[in-house]
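Hi,

Here is the structure I promised to pass on. Have a look, and my notes follow below.

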Amino acid sequence: MVGVAPERLLVPFQIHSAAALTVSEPWTPQERPRCDGLVTRQSALALGVTGADCGMLLFADARAGVIGACHAGWKGALTGVLEATLAGMEKLGASRANVSAVLGPTIGPASYEVGPEFVARFVEASAGNARFFTDSPRANHSLFDLPGYIGMRLIGAGVGKFKNLGFDTYSNEDRFYSFRRSVHRREEDYGRLVAAIALV
């Protein structure tokens, strides 16, 4: 898939945290770490994250030969997983100004309805976060722009280039899994998308 043996594709046990880990060799299933970001400068090692509405991001500083991947739902994005991933890359020799970051399929701003307590949590963290919310057709609810918030955090952290692919997992059911869509339809389970990057 990404030019490495299957056992060299590393996907952490994601916990919606701000934790990012530096890796240099494969782990066993029993050693799978609980975190939401991975970074490496090791060749022939792929870093992956999964999602079904949350942001899946891939990072690369081609000049330094350092890569990263992170899973950023609202909680991880709010508490700093994006910045932790960039900090981990810096420790391996990357420069933020040389890092390119890409956001894969994520729930879009027209699909992510939230309640007032959710909005309050973000506005309490920073009054400027109010711009990522618009009124929902449902009374006392808002629509949240998670991709826009992720982009703001990355640009604010000094990333050199940021690209949002602009795919809404919720509305594009022919192509993507969506946890929220499965809940609304009362489906028993839902799949996962995978984003991965490797130095080969």
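Starting with the surface: the accessible area of the protein is about 10000 Å², and 52% of that belongs to carbon and sulfur atoms (Shrake-Rupley method, 1.4 Å probe; for residues, only the protein chains shown count as cover). Bear in mind that this is a predicted model, where local features need pLDDT of at least 70 and side-chain atom pairs count only at pLDDT 80 or more, while totals for chains, interfaces and linings use all residues. Numbering runs from 1 along each chain as its sequence is written, and side-chain values use heavy atoms, with hydrogens and water left out.

Of the 200 residues, 46% are buried, meaning under 20% relative accessible area with a 1.4 Å probe, protein chains only. The C-alpha trace spans about 50 × 40 × 25 Å along its principal axes.

As for secondary structure, there are five helices and 12 strands (DSSP runs numbered from the N terminus: H or I of at least four residues for helices, E of at least two for strands). Three bridges link S9 to strand S10 (residues 142-144) in the antiparallel sense, and aspartate 135 sits opposite serine 142 in S10.

Cheers

Technical notes:
Buried means under 20% relative accessible area, exposed over 50%, partly exposed in between (1.4 Å probe, protein chains only). Two strands pair if DSSP finds at least two bridges between them.
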